[in-house]
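Please read them beside the sequence and the coordinates.

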Amino acid sequence: MVKRILIILGTVFLVSEVFAQSRNDAAAGVLSLGVNAGWLYDTPVVNTQYAYNRVYSPGSGAVLGVPVQYDFKDWFALFAEPGIQYRNSRYRLAHWYSETRHNLYLDIPVMASFSFGGKSVRGFVNAGGYAGAWLAGWQDKHTDEITGVLESAEGTFRKEMTGEDCRFDAGLVAGAGLRLFSDKNISCVLEYRFYYGLTSSRTMHSSGFSYAAYDNLQTVTLGIRFNNLFKTKSK
Amino acid sequence: MNMKRSACFGAVIITVVALLSSSCRKLEHDITNPDCTESILQFVDNGYAGQFKKIWQGIDVGYVFWNWDTTDWDAVYTTYLPVFESADARVCNGQVGMSEEEYETTWKSILSPLMDNHMNVSLTRPDIGGKIFHFAPSKRRLQRSDYHRRFTKKEHLSSLYSMIDDHRLDAVMDTVTVKTSQGNDGYLVNGIINGNIAYLYISSFMIYTPDSSSADTIARSFVLNWLGNTFNENLAGAILDTRNNTGGLGHWQQFLGQFFCEEEFIPYYKMVKSDVGRYDYAAPVNQVIKPNAGHRLMSDDCPLVCLFDLNSASNGEEIPWMFSYLPGYVGIGERTLGAMGGLVDNQYSTFYSGSFGDQSLGSKDTFTSSDKCSYSCSMSTFAHVDSKTGICPEGTGMIPQIEVLLDTTAMFSGNGDNQLLEAVKYIKNLKNRQ
């Protein structure tokens with residue numbers, strides 16, 4: 001209960017602070033739009049308990065997003081990036097079974113962005129949350145032969161995931177990066193981001209037992225940003 | 001923004017993020033090992049509810065039939081957990097947690113809807129110990145209107161030879177007895193009926209001895225002799241009899257199937273669990289039967305009649321299932337038990353499915369201090385799925401094309417075998433029509 005009160009109070013403070021700042025800022029009201037693409041690294045977080053030979057391993061994927069940023073001040077902006085994440089991870093059971101899990105997610109991170117530095121090169125840190133949904137997925141399964149038990153095991157089998165696997169996806173996200181301005185209207189952005197999943201990527205059971213699995217994501221993206229597209233305030 | 005204000009702003013953000021992250025992920029230790037890892041004392045402490053949770057979760061994670069079984073396993077949890085918690089409360093008040101009758105009725109209600117006919121659960125009351133209760137969903141067969149007990153070797157052979165003696169059956173038969181891995185006598189009968197119908201009976205596929213005088217080798221030689229002596233150009237048909245056969249080692253499918261196919265075929269595939277989710281299955285493993293160079297193809301004119309009954313189980317019904325993929329197959333008898341899942345003993349840490357708990361409880365009636373834990377659960381490690389239709393026949397069994405119920409009065413008195421006579425009649429009628 002104390003935690004919840006602190007979270008609510010903190011959030012109210014942050015929002016009121018942002019609006020108080022933006023009212024008096026001459027540089028506020030700049031909207032920029034762009035494209036981000038890059039590498040994604042998915043680390044599944046599962047407590048395997050006694051099952052020591054159930055091994056969940058990370059895998060590489062890709063991310064593509066359309067960042068939208070609204071500058072309240074030259075040092076502060078709100079940032080959102082609707083995008084597609086292609087997440088891969090691996091799973092192995094003992095010596096006889098391996099699986100690669102592929103999933104597509106539509107996610108929208110919404111972050112507060114704090115920038116610093118000069119006019120041509122600026123650093124920034126972002127923090128916020130994300131929400132989205134699982135779109136599609138498939139699993140490449142490989143069962144190895146076990147003499148006397150699983151004879152003549154076939155190679156890989158692809159299982160398409162169906163609607164029952166649809167799930168809400170949400171969590172916290174933070175990042176840092178550099179923004180290089182080639183001129184006043186175009187900039188390049190290099191960013192590292194960390195996603196901390198708070199919703200299980202595995203169906204939870206309703207009976208009180210939890211078999212939760214979470215995703216920790218890291219992304220490194222390169223993007224282009226078109227600035228001052230819709231400047232809503234003049235200096 | 002001044003420095004003080006910036007620091008305050010950053011501190012609040014970090015606090016909110018830290019609080020959110022610490023409060024939302026749930027990685028508690030909910031997956032417990034249902035296998036024997038705890039002392040008897042801990043089981044007593046865990047009580048009725050603890051025992052129920054262990055078995056419920058062991059089945060939840062390791063049961064291979066969730067893809068087909070319609071039992072609402074979550075409802076089982078929410079319905080019965082309060083029942084066992086009440087029992088624990090009574091124990092705390094110095095009373096007996098559950099009477100024998102209540103304990104038995106409750107567990108029977110929990111387990112009997114499950115479709116795994118290989119499942120056997122044995123357990124004892126945590127506060128009392130003593131009597132071990134045994135539960136098996138396959139006991140639903142007792143409710144069948146056509147149910148009959150298994151016939152004995154003596155009844156079977158007496159019936160066979162009495163029919164030969166009084167000329168109801170024109171046959172020459174040979175019998176061999178072999179030891180099964182359970183220490184019982186298994187036996188095979190081969191012969192020729194009417195001079196042109198090959199007949200083979202196998203009472204068990206659990207034929208295995210590790211020594212040099214292998215029962216398996218003896219049984220295989222017996223089958224090879226039968227094939228060599230009876231499969232000639234005059235053959236009118238063959239009868240493979242797996243009635244009363246409760247199964248055994250899987251390699252018998254390849255051994256028997258290889259003589260009747262000209263190219264490899266897949267009668268079914270096996271589905272094994274791969275992860276904790278109910279629907280997490282590994283890649284299907286095909287059961288491939290490969291031909292032997294000296295194979296003999298059967299046909300509608302020269303059929304292979306598989307004779308099976310309601311006591312044919314596991315490999316005893318999977319072998320007729322395999323032959324149903326081959327030309328000339330005709331099934332005669334009674335619908336089989338429907339226990340076609342595969343068993344793999346003592347491999348819980350390899351598959352995280354199949355059997356868990358102290359397996360020795362399954363053959364005991366009384367719990368002792370030397371037992372490792374208060375329960376055992378034995379269940380299928382993989383599911384058998386029809387490779388053509390994707391249907392899992394567990395609980396349904398092999399359905400004969402021509403149903404012939406056993407005349408138990410004749411068989412149990414050693415005076416006749418109407419199912420065998422019907423199979424012979426089918427082939428004779430076919431021959432007469434040609």
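1. A:Ser32 counts as buried because its relative accessibility is 1%, where buried means under 20% relative accessible area, exposed means over 50%, and partly exposed lies in between, with a 1.4 Å probe and protein chains only. The residue belongs to strand E1 of chain A, which covers residues 30-46; helices (H or I, at least four residues) and strands (E, at least two) are DSSP runs numbered from the N terminus.

2. Leaving aside residues up to four places away in sequence, A:Ser32 touches A:Pro67, A:Val68 and A:Gln69, and also A:Arg179, A:Arg225, A:Phe226 and A:Asn227, a contact being heavy atoms within 4.5 Å.

3. On the basis of these values, please keep in mind that this is a predicted model, in which local features need pLDDT of at least 70 and side-chain atom pairs count only at pLDDT 80 or more, while totals for chains, interfaces and linings use all residues. Residues are numbered from 1 along each chain as its sequence is written, chains are lettered from A and ligands numbered from 1 in the order in which they are written, and side-chain values use heavy atoms, with hydrogens and water left out.

4. Chain A holds one helix and eleven strands, and from the N terminus the order of its elements is α-β-β-β-β-β-β-β-β-β-β-β. Of its 235 residues, 49% are buried, and among contacts in chain A with a separation of 6 or more, 65% are between residues 24 or more positions apart.

5. Which residues make the nonpolar surface patch of about 710 Å²? They are A:Trp39, A:Val121, A:Leu178, A:Leu180, A:Leu190, A:Tyr192, A:Val220 and A:Leu222, and strands E9 (168-181), E10 (186-197) and E11 (213-226) of chain A are the elements that give two or more residues to it.

6. Chain B has eleven helices and 14 strands, and 56% of its 434 residues count as buried. Its accessible surface comes to about 17,900 Å², with 51% belonging to carbon and sulfur atoms, as computed by the Shrake-Rupley method with a 1.4 Å probe, where for residues only the protein chains shown count as cover.

Key:
Patch = residues over 30% accessible without salt bridge, like charges linked within 9 Å, V, L, I, M, F, W, Y side chains within 5 Å. Salt bridge = Lys/Arg side-chain N within 4 Å of Asp/Glu carboxyl O.
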